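Look at the sequence and the structure together before reading on.

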Amino acid sequence: MAPKKKNAAAASTSEGAPAAEGDKPQKGGAKKAAKAAKAVKMSVVRKVKKVRKNVHFFRPKTKIVQRNPKYPKRSTEGRVRMDKYRIIQCPVTTESAMKKIEEINTLVFLVDLQATKLNIKEAVKELYDVKCAKVNTLIRPDGRKKAYVHLTQDYDALDVANRIGII
């Protein structure tokens, strides 16, 4: 019956406290060391180079942040340089211009080169208190811009010309 006691002793050592110092169970530090040793023995895996199947390269999309300035770029707001006095420079007083005033109810002005038809229309309305039906423009050979301002039927170009001092 002696062998039975030996098995009983072995069973008690495996379940309870260890019989000898060399048979201690591994703790967390020993497990980490074993894992590190295993990693060192394995081959190092390098990053695989991306295979490009297209000849065009597109930059990766990055975050676009809206501008948030700490101070204004300009300390004051810019003024509008194209005012009504700069737009309309002077009326034209040639014979052909007089004929247009009398017959077609049209005023003729020399205007700024950058002035648009809408700008001319508004400037005439502000300066002479008349309503324009339509504005035709052309650039003369000498490089100046000429505007033909057709007035509505409510206003007479001859009266406006007298007020301006053309006639």
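A residue is called buried when its relative accessible area is under 20%, exposed when it is over 50%, and partly exposed in between. Lys84, with a relative accessible area of 25%, is therefore partly exposed. Keep in mind that this is a predicted model.

Start with the partner of Lys84. The side chain of Lys84 meets that of Glu126 in a salt bridge, with 3.9 Å from N to O. Glu126 belongs to helix α5 (residues 117-128) and Lys84 to helix α3, so the pair ties together parts that are 42 residues apart in sequence. Glu126 is also partly exposed, because its relative accessibility is 48%. The general idea behind such pairs is that side chains of opposite charge can pair when their charged atoms come close.

How many salt bridges are there? The count comes to 3. Another of them joins the side chains of Asp112 and Arg86, at 3.4 Å from N to O. Arg86 sits in helix α3, while Asp112 sits in the loop between β2 (106-111) and α5, so this pair ties together parts that are 26 residues apart in sequence. Is Asp112 buried or exposed? Its relative accessibility is 8%, so Asp112 counts as buried. Arg86, at 36% relative accessibility, counts as partly exposed.

A further salt bridge is formed by Arg140 and Asp142, whose closest N and O atoms are 2.9 Å apart. Arg140 has a relative accessible area of 23% and is therefore partly exposed.

Now turn to helix α4, which covers residues 95-103. Which residues of this helix are buried? They are Ala97, Met98 and Ile101. Seen down the axis of α4, these buried residues fall within an arc of 100°, so they line one face of the helix.

Lys73 has a relative accessible area of 78%, so it is exposed.

Conventions: Residues numbered from 1 in each chain as written. Predicted model: local features only at pLDDT ≥ 70, side-chain atom pairs only at ≥ 80, totals over all residues. Heavy atoms only, no water. Buried < 20%, exposed > 50% of the residue type's maximum accessible area, 1.4 Å probe, protein only. Helix = DSSP H or I, 4+ residues; strand = E, 2+ residues; numbered from the N terminus. Arc of directions from axis to C-beta. Salt bridge = Lys/Arg side-chain N within 4 Å of Asp/Glu carboxyl O.
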